[in-house]
Amino acid sequence: MPKQGFQPFMESPLHHFKLDAEAQPRRTDGRIWCNELPHLGYAVLRGDTAEAGFAQLVEQVTGLALPLKAGAVSQGPQGVLMWTSPDEWLLVSHRQRLADWTAQLDAGFAEHKLFAQTVDSSGGLTLAWLGGTEHLTVLRHLGVYDFESIPLGHMVSTVLGKATVQVIRLDTDGVFVVFRRSFADYVWRLLRRAAQPYGFAVCQLEARSDHPLFAQLAAPRPSLILA
Amino acid sequence: MLVITCPYCQEAREEEEFSYAGEAYIARPAVPEEVDDATWGDYVFHRKNPRGWHWEQWQHVAGCRKVFAVKRHTVSYEIAGSWTLADGKALYLEEQA
Amino acid sequence: MANRYSLWSLIKNGLKHHESWQPAWKSPQPKKNYDVIIVGGGGHGLATAYYLAKEHGIKNVAVLEKGYLGGGNTARNTTIIRSNYLWDEAAHLYEHGLKLWEGLSQDLNFNVMFSQRGVMNVGHTLQDMRDIERRANANLLNGVDAVVMTPQEIKDMVPLIDISHRTRYPIMGASFQPRGGVARHDAVAWGFARGASELGVDIIEQCEVTGLIIEGGRIKGVNTSRGDIMADRVGCVAAGNSSVLAKMAGLRLPLESHPLQAFVSESMKPCIDTVVMSNAVHGYVSQSDKGELVIGAGIDSYLGYGQRGSPHVIEHTAAAIIEMFPSFSRVRMNRQWGGIVDVSPDACPIISKTRIKGLYFNCGWGTGGFKATPGSGNVFAHTIAHDDPHPLNRAFSLDRFATGHLIDEHGAAAVAH
Amino acid sequence: MSGYRIHRPGERINRQKPLSFIFDNVQYKAFSGDTLASALLANGVRLIGRSFKYGRPRGIVGFGAEEPNALIQLETGAHTVPDLKATQVELYQGLLAGSTTGYPSLDFDLKGLLGKFGRFMPPGFYYKTFMEPVKAWPFYEKFIRKAAGYGRAPVEADPESYDHLHHHIDVLVVGGGAAGLWAATLAGRAGLKTLLVDEQAEMGGWLLTERRSRIDGLSGMDWVGQRLAELASLPNVTVLPRTTAFALHDLNLVQAVELLQDHLPLTERNAALPRQRLHKIRAHQVILASGAIERPLVFGYNDVPGVMTAAAGHSYLNRYGVAVGREVLVQTQNDAAYEAALDLALSGVKVTLADARQGGAAAWRQQALKNAGAELLLGHGIAKVLGDKSVTGAQLVKLDGRNNQVIGSGPRLSVDTVLSSGGLTSTVHLFCHNGGRPVWNQQQLSFVCPDEGRENIACVGAITGRWELSDALSQTHAAVAALLLGHGRGSSGKAPAVAHEEVAAPRAIFRLPDGKPEGHGAKAFVDYQNDVAAADIHTAIRENYRSIEHVKRYTALGFGTDQGKLSNINGFAIAAEALGKPIAEVGTTTYRPSYTPVTFGALAGPHVGETFDPRRYTAIHASHDARKAEYEVVGQWLRPWYFPKAGEDLHAAVNRECLATRNSVGVMDASTLGKIDVKGPDAREFLNRIYSNAWSKLDPGKCRYGLMLDENGMVMDDGVTACLADDHFHMTTTTGGAARVYSWLERWHQTEWPELKVRFTTTTDHWATVAVVGPNSRKVLQKLCTDIDFDKEAFKFMDGRTGTVAGLPARVFRISFSGELAYEINVDANYGRYMWEEVMKAGAEFDITPYGTETMHVLRAEKGFIIVGQDTDGSMSPNDLAMSWAVGMKKPFSFLGKRSLLRSHTAGDGRKQLVGLLPLDPKVVLAEGAQILSNTDDTVPAAMQGHVTSSYHSAFLGRSIAMAVLKDGSKREGDTVFVWAHGKSVPAQVVSSVFVDKEGVRQHA
């Protein structure tokens, strides 16, 4: 992974919406508030839970228990680990930490001869937070899943329009929506369109050290403008 | 619109999350070179296409990406159940016997 | 014809309060024996019987229909007629059909309202345009009319279409078959029924075939809900139910039956004078003489005999139509329905003898059956009459799925670079 | 002037809010709460349209969704809507509407003149004429089309938006009348997540019209108010007015459309809100309380403007304060219409009631009517209505008590309005949309929903044939209580108390006889919108169109935008009589969505315009924009097509890009290629099975081109796969094939070879891929990269390295789709644009030139490389592509598609093969899609030999080149063929498809 020095040259998939320029402090009105958490680190974790040592190694390295139940999410101040398939998990954290973790994991898998791997997906995914009293209604406008039924601490992988997304519910305040880079423009337009009747606003997102995802914003936000 | 239970996500989900993956448990000839053109053509192209119960495969493309077996009635669209491919195969073979 | 239709007959019958009209077709009790039984009283089956009687002199024929005449896909399609197929075999077969359409109303003395308003296939990508060129040139060399149009020519012909670059998939051009068009679907079944009946064919409605009587590898007759009926030759033309019939003979066919959906708008004044089809955005539209927009939706991916499909397919199609015709957003859907189409692996029909002597199948028309109705009946009648395919359907036999000689009309796959 | 305003207690209009509107260029006054229909009637407007076939004058018949005649055009320009029913249009200030029929004018209609010859236009008359001369049909058709059709399609893009909303609920109640309100109350009280929808602006159903009933001691509308207040207080209940459930699909998926802003003046609509919303409702339990619609009786000239249903006359009076006439004849065969007659009489209208029954209604009703001053004629029916554009009177006959026969003449009444009631028809549509069948109820004379409903669908109230409020509510209470019990919940509250009233049985009569054989007397319409008369049904059956579906299709009965709501049962009954069968045996036609028409816009919802389909962009897109790229749509992606400089067209730009690349260095964004991470101890074996060529011996650090076949042996995808480690591969696929290939791998692995230890993860979006191409590409890379040795011996063609490029971790592959020395750099896509710009900077000294897909196509064609989907079409095997070198027939496992290559036809002669073509005139660029002939004198149908798949001007070669598939092409090198397009043919020579650097010196440089 490149060091901090290169970060100014990163571009999130939503950079062209210039969300920073539009962002305002969140107020407690009935609006839908939304913004991207750009430049996080993502890794797909593949492995076989039946193999001895796999789950232990993951927990040992990340501090996150490997979730074994469909849709379950493990969370800690350093990130989240989500079940996405019986042999697949998505790990989200700060980029630098994630790079360290995956290196350790891959070394550990090799050492223990586990049929397991990490696949860096940091360039391929991004994540938006969606909040406000009607945030679930916005999702109900776009997707057929019963979003109101997602328990806290769970995620669901489903479709919004023609895009596959993961919706993560960590608290009642809002949801996190993970989507692919090449669909980001489309997903953002969909969200914005669906939220419009309720009043759509881009909000500033604050780093919160106790939060598994907002905590990852603590690192300085890179400039999005390329020379 | 079908509602299909993914045996991996352990939840009933709407059809839009899945992609239909054809008749289930079509046996690929073990040594294709040893069967004649007609038998091979039968494997590649011929389908049961029943008016009634049908064992078929669905892939949860928007979810866990797993392929699994569904027993569905092609007239009423009633779904008798869905299973992992391995579990479904045992049941399927039992039914065929 | 005992009851010939004309303006004169309308006046004559009008003066008699329409009390003297004869039945369009007779409904006799089934006989015990026929020379040929046709299973399936849709357009194709009735056409087969008509041409058996008319062109091959085989008049001791029964058409068995489990419901009412023309109640299957004949009643459920979007009535598009064209012959601009890519491959030689398909183009010749459908062109044979189109030529029959051109004289059909007069031949049957029944106005099937065949309207040669042209069929346009629009292209949205460079590869679409390559395929359009390829198809048009192949058509012209096969004697099928074809024109390649620019976006402006499209707009001149279809003023409501959006050729701007605002759209997601801007329209780059189109192929156009001027001789293509639409017809009144129900009338085709009724016209053939009337013509066949007049020539002596027995049309038996509400008669479901429940089994095939096969002895020593030969067909002997059929079991029906109205008793056994014997014949040495049985032609099955049952569209979406072909696999069910094949199973009765211990055959498997390379077919899958899928729900295909369609819908119509409310009736409006003429606003679109041709047929517009787009494979890329998945929708096609024409306007019936009654003024309804007739819109074909997608085929559901899964197997189904339910004559109903998933609503999201209709929703996607509505979106596709609005993408091409933004003003139709305020037009309203009046009615939607589904049919069952039997899809073959190469999107071409099967018109074939089988390993059971005297048993013939005509199926696998997928979404393209209506346009072939007279042509299909015509060559199938020949196949049955001679126990040998007509030169035009020789390539459409079942053995192509063993030899690999497919006639792949799926069209080019999406460009993949 | 016939209709007029009259104050009614409990009317639903607001006299404090007067409105004005325009209909057919005339301004009228109305009140808030009116519908367009009530307002027109209040202003005495009767003639609203002309009929479909005969051009007969037509007026308003109903008061809601059942209206067959009053189809209007609302507003103009971009906001125009065709074919709305005036009875369903809520009036707003400044509303602009017009009639949709009548040429040259509504008042004087040419079709109306033709219609005088209606006796010569039986059902199916189109099928019987216009056949000669053959060439004249287009001429006839033009007139038929013009004469048909109602409103005009909008021509401007829709300025309003639509959305979708999904619901997952316990109980959906369809219909906000008494039964529906009570059902929702019980479900709501039980704590179930409940949604109540009703098509009207105001809940209440028939209680909006009917004033006499008292429920639990309250007036009907007070009880409705009490219900609504209670429902509003329950957080688990949602009530949606103006929301029509129009379709019921499998597993209780109900589509409903909500009209959010249609009732507002155009100037008051909120642009942030959708015009309409499509609700997609999954309900565990559906309760259908959609009520019933009164049908008219069928009698002579029952279509003259001023003939309406009794329920309509009643509703206009009580709901809208509009008396539909001054002298009204009410014709009935049941008790309910007495209510209409009574309220009209009490309002000062001169009323005569003709009852087809000898005994008339229950005695108390007859007495009440007489007390109100109405005249009562028992055992009478209307033979025909008098008047042309408006009712002037009616001729009555005396009816036999048992048979539907005339036994004597009746009075000729001078009236200005005729109301008729043929009984109620249950609104069974939703119940039947996915397979439910209604049952004939001979007592109630309607097809009704069975009491037991269907699994998870309960039917309550009038939909089950409970016409009387007391019956409807007690049945609703019992049904919903049972249902709640089934859900393990008790129900609270007693059934609402409604006094039971004595009712006389209705008479089973649908077509009032006029004493003449059918077809001899005045036309008696069954289906107004399609001009289907009773005689037409008899004619159809005479002609052997005996199935009810045939009757429907031959006569067009029930095919209109009212979907037969008024006409179906009358039509079935008349058909039954003609067939000599009971109605139950005739059955119904199939009920199909939608219950009432729904806009395409609502169906499409948000999936139009910029969100019709995803536009997928690469990470480098902004750089391409900055360099003014033109784009090509490839699948959902936008790829740079070419980068024109000022004044350049496509060809000039491509020539420049090609030469720059061949002579120095070019750069291309290859990020859209599909990328799949393949890993596991059995990865290699898996690749052996999925690709046609062999993978056993590919060392780490090496790349190989692979062909993927389907089981039919035809090429489905291709791409280069790099071996990263013994058990780890970086697979690339075509852009368009990425998703399909990913799914293909998963499916074969999971279904056929689950024992292979291998996993696939898509990395398409993770990697941004930059191809640096041309003789100077090495120098560019060397400037950017310090930890990879780019020496030609150290980093050979088809080698792959991981290292650092511009400081970024990267995978670099020395692969070439152009035949040049070339490298593909893959970096984390967040750095994609940075990488691109660093390459541009490093290449500046070599005049590095960005190029798009068109130049890529030319470069690869110069080398004879195929593009799947352009040079192949699903019918091309590797052998057909002259690529048998990429087929490992000796591999131990029978890879996908291998067996198919051995089939008699696939392996046989006479197939087409990929070749190169050089036009004899090097300036001529062959048309892609041109067909190939062996002879210039071929006649149609010609023996086509193949077609041109790719064709370009090669700036590098200074001439045109082409690729084609040609019959037996592999044996025809050197032949001259004729390339035919649109009538012109061009000679070309068959050559190898490799035009540049056959020895591969450049790519190995």
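1. In this predicted model, 135 residues of chain D are in contact with 114 residues of chain C, contact being taken as heavy atoms within 4.5 Å. Of the 5 pairs of chains in contact, chains C and D share the most contacts. By comparison, chain A and chain C have no contact, and their closest C-alpha atoms are 10 Å apart.

2. About 10600 Å² is buried between chain D and chain C, with 56% of that area coming from carbon and sulfur atoms; buried area is the accessible area (1.4 Å probe) that two parts lose on being put together, summed over both. Of the area that chain D buries against chain C, Tyr127(D), Arg145(D) and Phe600(D) supply 9%, more than any other three residues.

3. Between chain D and chain C there are 9 salt bridges, each a side-chain nitrogen of Lys or Arg within 4 Å of a carboxyl oxygen of Asp or Glu. Asp158(D) is bridged in this way to Arg330(C), with the closest N and O atoms 2.8 Å apart.

4. On the side of chain D that touches chain C, helix α4 (residues 137-147) gives the most, with 6 residues. Helices (H or I, at least four residues) and strands (E, at least two) are DSSP runs, numbered from the N terminus.

5. Strands count as paired if DSSP finds at least two bridges between them. Met333(C) has Val598(D) as its bridge partner in β33(D).

6. The antiparallel strands β23(D) and β24(D) (residues 391-399) are joined by 7 bridges, and His380(D) stands opposite Lys398(D) in β24(D).

7. On conventions, residues are numbered from 1 along each chain as its sequence is written, while chains are lettered from A and ligands numbered from 1 in the order in which they are written. Local features need pLDDT of at least 70, side-chain atom pairs count only at pLDDT 80 or more, and totals for chains, interfaces and linings use all residues, while side-chain values use heavy atoms, with hydrogens and water left out.
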